[in-house]
Amino acid sequence: AAAAAAPDAADRKYPEAIIIGVKKAGTRALLEFLRLNPHVKAPGPEVHFFDRHYEKGRDWYRSQMPESQDGDVTIEKSPAYFISKSAPARIKEFNPKMKLIVVLRDPVTRAISDYTQASSKKRRLGQMPSFERMAVGDCAPWSRVNCSVKTREGVNGGWGAVRIGVYHKYLKRWLDHFPMDQFHFVDGQKLIDEPAGEVRRVEEFLGLQPVVRPSDFEVDSVKKFPCIVNGDGTHHCLGKTKGRPHPKVDEPVLKRLKRFYKPENDKLFSMIHQKFEWN
Ligand code: A3P
């Protein structure tokens, strides 16, 4: 009998779409929910090929993908690509037709989420300053961020958690390489409030027959976020690091951040010809 083709070579396809960002906007939820569609094939971990592991080469990249069949769409998610200076050109060179999916969320909420993650990781290095002190204060004793230069509204625009929310700045780099019709923008807030609709639009963008339905989700009473309803009625929720409780942030600080982001959001909306109802 003829030897079977090496499965590693035959059955793994390069992604034709990538969830490129944005970190803490709901990228894991989107990927997990998309996988309800049996034709969506995606690796669990973030691959980081176009930023960290580029020198490992294309064969390595493909070896990270799960096996797939004709009619399947392979995708990956590495939200750090969004802010990577090298990723846009590399992806363009890799496949100029790549579909790019971007999850966007109110940048104020995103910043608090980012802070919550950072402070949970850094706990052993000593307590991080409060969110307020990082966003509009002196950042002391967190010397790794320069908070002596304030941007508009007295906000520390140089702090990563704030800076990443200036979405149009990063998106501009992508638009230098890819036409608008290769992008699909997901509202990270709607992904929480009404997941089926957001997921369906992505299925369509991927050229798939949509199969994900509202009845696939229920808000879990403990998790307080939508979870996937299993066949037996039990809930499959995202892991402990998704949907963390956020610190309560002082109202005046929230207001300043909102004012800071307002013109930035407007720039984004006109860039993508789409508006999100964030506050
Ligand atoms: P928080 O943990 O700060 O609430 P990402 O996967 O891109 O890092 O985004 C994480 C965020 O996804 C979470 O931030 C959470 O708010 C949001 N999210 C959206 N849908 C979710 C869901 N169904 N379960 C848990 N978190 C969800």
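Two strands are taken as paired if DSSP finds at least two bridges between them. In this predicted model, strands β1 and β4 meet that cut-off, because four bridges join them. The two strands run parallel. β4 spans residues 99-104, and β1 spans residues 17-21. Within this pair, A17 stands opposite K99 of β4.

Both strands belong to an open sheet of five strands. The order across the sheet is β2-β3-β1-β4-β5, and the pairing is parallel. β2 (40-41) and β5 (183-187) stand at the edges. Each has a single partner strand, so one side of each is left without a neighbour in the sheet.

A second open sheet is built from three strands. Here the order is β6-β7-β8, and the pairing is antiparallel. The edge strands are β6 (217-219) and β8 (235-236), each of which pairs on one side only. Strand β7 covers residues 226-229. Two bridges link β7 to β8 in the antiparallel sense. H235 in β8 is the bridge partner of V229.

V22 lies in the loop that runs between β1 and α2. C139 is found in the loop between α6 (131-136) and α7 (160-163).

The ligand sits in the second largest pocket. There are 19 residues around the ligand. Of these, T27, S113, P226, G243 and H246 come nearest. By residue class, the shell divides into eight nonpolar, six polar and five charged residues. Helix α2 (residues 27-34) gives the most to this shell, with four residues.

A backbone N or O atom of K24 lies 3.1 Å from an oxygen atom of the ligand. For G26, a polar backbone atom is 3.0 Å from a ligand oxygen atom. R28 likewise places a backbone N or O atom 3.0 Å from an oxygen atom of the ligand. Taken alone, the ligand exposes 580 Å², and the protein buries 98% of that area.

P226, among the residues that come nearest to the ligand, falls in strand β7 (residues 226-229). T27, also among them, falls in helix α2 (residues 27-34). The loop that holds V22 lies between β1 and this helix.

Terms used. Residues numbered from 1 in each chain as written. Predicted model: local features only at pLDDT ≥ 70, side-chain atom pairs only at ≥ 80, totals over all residues. Heavy atoms only, no water. Near = heavy atom within 4 Å. Polar contact = N/O pair within 3.5 Å; in protein donor to acceptor, adjacent residues only side chain to side chain. Areas by Shrake-Rupley, 256 points an atom, 1.4 Å probe, with all protein chains shown as cover. 1 Å grid on protein atoms, 1.4 Å probe; cavity = no way out; pocket = protein on both sides within 12 Å on 5 of 7 lines; lining within 4 Å. Sits in = over half its atoms within 2 Å of the grid points. Nonpolar A, V, L, I, M, F, W, Y, C, P; charged D, E, K, R; others polar.
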